[in-house]
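User: I would like to learn how to read a sheet and a chain's overall build. Can you take me through one case?

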Amino acid sequence: MSENQNMPYTEMPASKPIVIDAGKCTGCNSCVEICMVDLFIPGPERGKPPVVLYPGECWYCGCCVMVCPEEGAITLRHPLMNQAHWVEKAELLK
Amino acid sequence: MQEFKWPYPLDYGKEEKITADVLILGGGIAGCMAAISAARKGQKVVVVEKGATKMSGAGGSGCDHWESAATNPCSKVTPEELTQAMLDDNDGYNNGISHYIECREGYDRLLDIEKMGGKIRDTEDEFVGAAFRDEATKLMFAYDYENKITLRVWGTTFKPAMYREMKKLGIRIVDRVMVTSLLTQSGNQGNRCIGATGLHTRTGKFYIFSSKSTIMCLSRPARIWMFSSDHTGLCEFRPTQCIGDGHAMGWRIGAEFTMMEKSVRTEFSAAGRSYPPYGAGNNHNSWYGASIIDSTGKEIPYADRDGKILKSVEERFLPAKGQKFFMKGGSVDDPKHAIEGPETLPFGDMLKKGYKLPFYADLTTLPDTERRAIWGMMIGEEGKTRVPVYENYKKAGFDPTKHVLQCYGTGWTSASFLPQERQLFGLPGGFLNDWELKTNIEGLYAAGDCLYASNCYGHAASTGYYAGRHASAYALKEGIIEPDKNQTEAEKKRIYAPLQNNPETSIGWKELNMGISKTMQNYCGDAKSDDLLNTGLKILKNYEKDVVPATFAYNPHELMRLLEVFDILTVSQMIIYASLARKSSSKVLCFNRIDNEQEETENDRRLITLRLAENKVVYDEKPLDFFGDLKDNYEKFNQDYMGGKQNV
Ligand SMILES: Cc1cc2nc3c(=O)[nH]c(=O)nc-3n(C[C@H](O)[C@H](O)[C@H](O)COP(=O)(O)OP(=O)(O)OC[C@H]3O[C@@H](n4cnc5c(N)ncnc54)[C@H](O)[C@@H]3O)c2cc1C
Ligand code: SF4
Ligand code: SF4
């Protein structure tokens, strides 16, 4: 555990719709350009991932993932409260 | 405070002027098809879109049902029968003109989209032999397999195909510009519309568009009653940025609206109680025909409209004995007996009979083609399903041959809301249109979800294309008129004003939106009375006077969000004005007056219209069937199109 007393001027968001894997992302900004909500901004460094500036505005349409050329670089995830459940039918019949 | 550099140049106050023959506001489904139609008529077309046209709008990420395709070669229902059924289903409170256009031309547009590269039939023969597939045409149908009026389509391919076609036709697409106002001749309310203004949502630059004719395609209002600052994008069913800017700017220049008093108890809000659309167990829309089971695996029976229990899966897709056809989906909420389709028995009754919660949607026992059509095609092609539902659930292990998906509440909405939590949903109010899809304002046409009592993808595509033809005809006769300097300067002043304020002492867009929503819940909720409505109106007017001038935005993106909330404030007042004018209660309009609970009499059954003239609200009335005979009038106004020149 870090004992660094420097804190960012921010808080954890209510949900994190978009997670970008910096290892896979090439910073092409296709996701930035397709998002109709415009919740990203290009990253400050060329070739590096964009920044998710306004996560609360996400409409969860998935277009950013649909256009991303790098498999697995960007993930869209419903907030915990919206994650639906399923079960194996065989379990119900037991 | 930690700071970052805004990644775009800041051009606040700088101007760019753009001229078009036909100006299209909004690059959604209606806007794109309007643009294509006008360009095919040889017009110089400019599209202004707040997001990115390629996948913007309610239908940008997909669509799985093409409804009301009455003229497809397999349909057994005529456009006249189908439109009449939609009118009857709403006791006449419906847009006869736009839905007739949908029924009459919708299939033409689908063929058009196919030519552009969209997939509309089972060309890969994945569903050969399925009950819903026509073997000759390879078209696939939904709901009523006997009458074949709704098609199953591969809607993820549509918007990108339209976008390519627009590029090919040389249409100028101006993305990331929010239209903020309409311009009128001499700047006066009620005069001819001669263009629009815009704000670049990244740079803050000001745009002045001049046009011979203009088509409004900005969808419909939202976030009037429902707001969540943490999950703004999930408050409503339609996209974050479709909140009714078009209604507000139309109102300011004197456009006429109707049915604005209609709102329904919220059906869908995933910022609140709903689950992701099409992502929870149900048997509606994309999931129609799925079996529903209780938590011991016992199936809830389907029954036809007369209560006859259906024994086989096949019967879920057939009309009842003696029934001509049934309708489901998009515009049908609470169907009348004439068109009511099969449905599972009410969940409440099943609980009384000892069925155990929770219930689940079960595809495991469906015929293989039916299961693959629901999971993989419909869920996959439907808007907002490809990634967040289909791919993500698959990655998490969901297998439709093994797993059953939990239902939350009844129906597709997966939740129930409080009476004061309301939405403009189903067939809400909007721009009043004539047979050319023209508004009362010269030069201003309207299409898609912004029209009164309008909904659905095929409806947006066909009304867009239709408005494109008529707006082109107007543009051919009229010239460009230079915008009035006073009007553009006043708009500039209005939209940049918040930037002058002090962030320490000002309020932001979220706080204002929440204030409006709570006011609307309190004073214009389910229970309406003149006293409450007038009190609410006073509060909203005070917001306009005292709060709007005290707002702030950090950057062009936030300024866009703030201007949206100003428009929400305007639309909220329109709704109160419309509500004040309807004096009795009306079930079909979901309009409940506690100071006059008497259900509307035959005399009250009229469209109430409202508009601004000299900044005063002017009311008028129209008979519900003001549009006259559907077929006769359509043919009178569309000789050109009917002459077989569909694509010209
Ligand atoms: C998840 C989902 C699934 C659906 N599935 C189906 C289906 O299967 N079948 C069906 O028939 N219907 C379906 N619908 C409905 C259908 O998509 C809509 O009725 C249709 O897209 C409406 O078209 P439109 O052009 O009127 O609005 P939209 O397509 O929403 O376009 C409006 C456009 O205007 C832009 N805009 C808004 N404000 C401004 C502004 N101020 N300046 C500039 N641009 C602005 C928006 O960014 C947007 O691109 C679905 C809707 C949703 C949300
Ligand atoms: S899911 Fe849609 S709204 Fe959310 S970031 Fe991706 S493109 Fe934007
Ligand atoms: S589209 Fe994919 S690779 Fe390109 S910037 Fe976005 S996440 Fe990175």
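Analyst: We start with the ground rules, then turn to the sheet and to chain B. This is a predicted model: local features need pLDDT of at least 70, side-chain atom pairs count only at pLDDT 80 or more, and totals for chains, interfaces and linings use all residues. Residues are numbered from 1 along each chain as its sequence is written, chains are lettered from A and ligands numbered from 1 in the order written, and side-chain values use heavy atoms, without hydrogens and water.

User: In what order do the four strands of the open sheet lie?

Analyst: Strands are DSSP runs of E, at least two residues, numbered from the N terminus; helices are runs of H or I, at least four. Two strands pair if DSSP finds at least two bridges between them. Here the order is S5(A)-S16(B)-S15(B)-S12(B), with antiparallel pairing. The edges are S5 (86–88) of chain A and S12 (291–293) of chain B, each pairing on one side only.

User: How many bridges join S15 of chain B to S16 of chain B?

Analyst: Three bridges link S15 (residues 360–362) to S16 (residues 403–406), both of chain B. B:Ala361 has B:Leu405 in S16(B) as its bridge partner.

User: What are the helix and strand counts of chain B?

Analyst: Chain B has 16 helices and 23 strands. Its radius of gyration (over C-alpha atoms) is 24 Å, close to the 26 Å from the globule rule for 648 residues, so chain B is as compact as a globular protein of that length. The rule is 2.2 Å times the number of residues to the power 0.38.

User: What percentage of chain B is buried?

Analyst: Buried means under 20% relative accessible area (1.4 Å probe, protein chains only). In chain B, 66% of the 648 residues are buried.

Definitions and conventions. Buried < 20%, exposed > 50% of the residue type's maximum accessible area, 1.4 Å probe, protein only.
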